[in-house]
Amino acid sequence: MARINESEFGVTPFQRLLGHNKDVLNGWNQLGEVFEKDMNLSSRLKEQVRRTLAQSNGCEYCKAKGKPEPHLFDEKMSIAVGFAEVYLKQKGDISDAQFNVLREYLSDAEISELCSFITFTTASQYFGAIMKLEAVTT
């Protein structure tokens, strides 16, 4: 059970916890919807990064959506997921050498999208962990 009661605003349990502050909910949802789209990076790649982050960020709700699926990885996805793993291990303290690996495989636009996605997703997962948001069981 989450640490606070769900509000009446939002569709998912996560959204209903944010829904106590409708402006935050709306802004968070809007940014989340942007990241869900294929942009410089595919939504498939970002989903594998999300799954990777979820395994370490402490949100049971997020972990329940699945583990990474390495059999689906292509080269770009492997680099992105590997960078997310480094981010987790280094607590965001990325060296120039580690960052330069991204430059070998990704454009500046892709790097910007990946880093903003990683930090947004981490914030979402930390929120779920703080609130003790549990996995949805059917």
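A crossing of two helices is left-handed if the near helix is turned anticlockwise from the far one by less than a right angle, and right-handed if clockwise. The structure is a predicted model, in which local features need pLDDT of at least 70, side-chain atom pairs count only at pLDDT 80 or more, and totals for chains, interfaces and linings use all residues. Residues are numbered from 1 along each chain as its sequence is written, and side-chain values use heavy atoms, with hydrogens and water left out.

**Exercise 1. Describe how H5 packs on H7, including the hand of the crossing.**

Step 1. Helices (H or I, at least four residues) and strands (E, at least two) are DSSP runs, numbered from the N terminus. H5 covers residues 75–90, and H7 covers residues 108–130.

Step 2. Two packed helices are described by the angle between their axes and the distance between the axes. Axes are lines fitted to C-alpha atoms, for helices over the stretch in contact, and angles run from 0 to 180 degrees between N-to-C directions. For H5 and H7 the axes cross at roughly 45 degrees and come within 11 Å. H5 is therefore oblique to H7; angles under 35 degrees count as roughly parallel, over 145 as roughly antiparallel, 65 to 115 as roughly perpendicular and the rest as oblique.

Step 3. The crossing of H5 with H7 is right-handed.

Step 4. Contact means heavy atoms within 4.5 Å. H5 contributes Lys76, Ala80, Phe83, Ala84 and Tyr87, and H7 contributes Glu110, Leu114, Cys115, Ile118, Thr119 and Thr122.

Step 5. Ala, Val, Leu, Ile, Met, Phe, Trp, Tyr, Cys and Pro count as nonpolar, Asp, Glu, Lys and Arg as charged, and the others, Gly among them, as polar. The residues in the contact of H5 with H7 are 7 nonpolar, 2 polar and 2 charged.

**Exercise 2. Find the hand of the crossing of H2 and H7, and the residues that make the contact.**

Step 1. H2 (residues 22–36) packs against H7 at an angle of about 135 degrees, with the axes 11 Å apart. H2 and H7 are therefore oblique to each other.

Step 2. The crossing of H2 and H7 is left-handed.

Step 3. Trp28, Leu31, Gly32 and Phe35 of H2 make the contact with Glu113, Ser116, Phe117, Phe120, Ala123 and Ser124 of H7. By class, the contact of H2 with H7 has 6 nonpolar, 3 polar and 1 charged.

**Exercise 3. How many disulfides does the structure hold?**

Step 1. A disulfide is a covalent bond between the sulfur atoms of two cysteines. The criterion used here is a pair of cysteine sulfur atoms within 2.5 Å.

Step 2. For Cys59 the closest cysteine sulfur is in Cys62, at 3.1 Å, too far for a bond. The count for the structure is 0 disulfides.

Step 3. Cys115 is in no disulfide either, since the nearest cysteine sulfur, that of Cys62, is 20 Å away.

Step 4. Buried means under 20% relative accessible area, exposed over 50%, partly exposed in between (1.4 Å probe, protein chains only). Cys59, at 0%, is buried, and Cys115, at 23%, is partly exposed.

**Exercise 4. Place Phe127 in the fold, and list its contacts beyond four places in sequence.**

Step 1. Phe127 belongs to helix H7 and is buried, at 17% relative accessible area.

Step 2. Beyond four places in sequence, Phe127 is in contact with Phe14, Leu17 and Leu18.

Step 3. Phe127 and Cys59 are 68 residues apart in sequence, with a C-alpha to C-alpha distance of 7.9 Å.

**Exercise 5. Where is Lys91, and is it buried or exposed?**

Step 1. Lys91 sits in the loop between H5 and H6.

Step 2. The relative accessible area of Lys91 is 71%, and the residue is exposed.

Step 3. Phi of Lys91 is near 55 degrees, a positive value in a residue other than glycine.
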